[in-house]
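Subject: Structure handover and notes

Dear colleague,

I am passing on the structure below, together with my notes on it. Please read the notes with the structure open beside them.

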Amino acid sequence: GTPHADRAELAWVEARCLRLAGRTEEALATARRDVRIVEASGDEHDLMHALEELAACEEATGDLQKALEDTRKVRRHMWAIHRGQTRQLVQQVWEYVDVERDRKKLQTQASEATRSAEEDPLTGLGNRRQLERFLLEESERQTEVACIIADIDFFKDVNDMFGHDVGDAVLRQVGEIFSSRLRAGQKAIRYGGDEFVVVMSGVDLAGASGFAERIRLTVSDFAWTAIAPALRLTISVGV
């Protein structure tokens, strides 16, 4: 620090040494000078120490009234220090809360942006970006991956006969049939139009073929007439 700040920090030490040596009158004069020095520095902690020493010197010379007054001053400064530290702590806590809130908000926004960029808006399944990322990650792990490719049979006829709203409802339902049967390490993708892809990490050809056949039967047996009267639907699947 500056020479003045260093002098203020150690000013009260001289008075204490004089008092402990029994030179109480010199100690008192020195303590009074020290308080003025520290007051000029504006440091609450050093002022508290200087006032404590002044009170001790006043008590040593028999001036108990002044000692009591300066002891009260010490307590006021202690309270001022406490309030300042409390305000600082509260400010730090709120700053931390603000930082954490901003960090979580950014994480949420990034997560939503990633999800939006990799999600098919109609079916809620993944899109080609998600498929590419999944295959890249699995290739880095050198994991065996089974791939199921499916498309809806004569889907153009569904749109032509029943309208595009029914066509969209069919796509959403097929997507739900796929996604509801997924396990960890598996992704269902709307690849484009009426084409769907399911990728399955760590699944062999026989396991993937069984999954594909169950999906095919589920789609064939589904009560499509709940979406449109006389509507029937099948899919073709390859593994």
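This is a predicted model: local features need pLDDT of at least 70, side-chain atom pairs count only at pLDDT 80 or more; totals for chains, interfaces and linings use all residues.

Residues are numbered from 1 along each chain as its sequence is written, and side-chain values use heavy atoms, with hydrogens and water left out.

The protein has eight helices and four strands, where helices (H or I, at least four residues) and strands (E, at least two) are DSSP runs numbered from the N terminus. Along the sequence these elements follow the pattern α-α-α-α-α-β-α-α-β-β-α-β. Of the 239 residues, 32% count as buried, that is, under 20% relative accessible area, whereas exposed stands for over 50% and partly exposed for values in between (1.4 Å probe, protein chains only).

Strand S3 (residues 195-201) is mostly covered, with five of its seven residues buried. Strands are said to pair if DSSP finds at least two bridges between them; S1 (residues 145-152) pairs with S3 in the antiparallel sense over seven bridges, and S2 (residues 186-192) is joined to S3, also antiparallel, by six bridges. Phe-196 in S3 stands opposite Ala-150 and is also the bridge partner of Arg-190. In the hairpin of S2 and S3, which has two residues between the strands, Gly-193 takes a positive phi near 60°.

Two residues other than glycine also have a positive phi: Gln-142, at about 55°, and Ala-230, near 70°. Gln-142 lies in the loop between helix H5 (128-141) and S1, and Ala-230 in the loop between helix H8 (205-221) and strand S4 (235-238). Gln-142 is exposed, with a relative accessible area of 74%, and Ala-230 is likewise exposed, at 68%.

A pocket here is an open set of points, on a 1 Å grid over the protein atoms alone, where a 1.4 Å probe fits, with protein on both sides within 12 Å along at least five of seven lines, and lining residues have an atom within 4 Å of a point. The volume of the largest pocket is about 150 Å³, taken as the space filled by probe spheres set on the points, which are joined across faces, edges and corners.

Best regards
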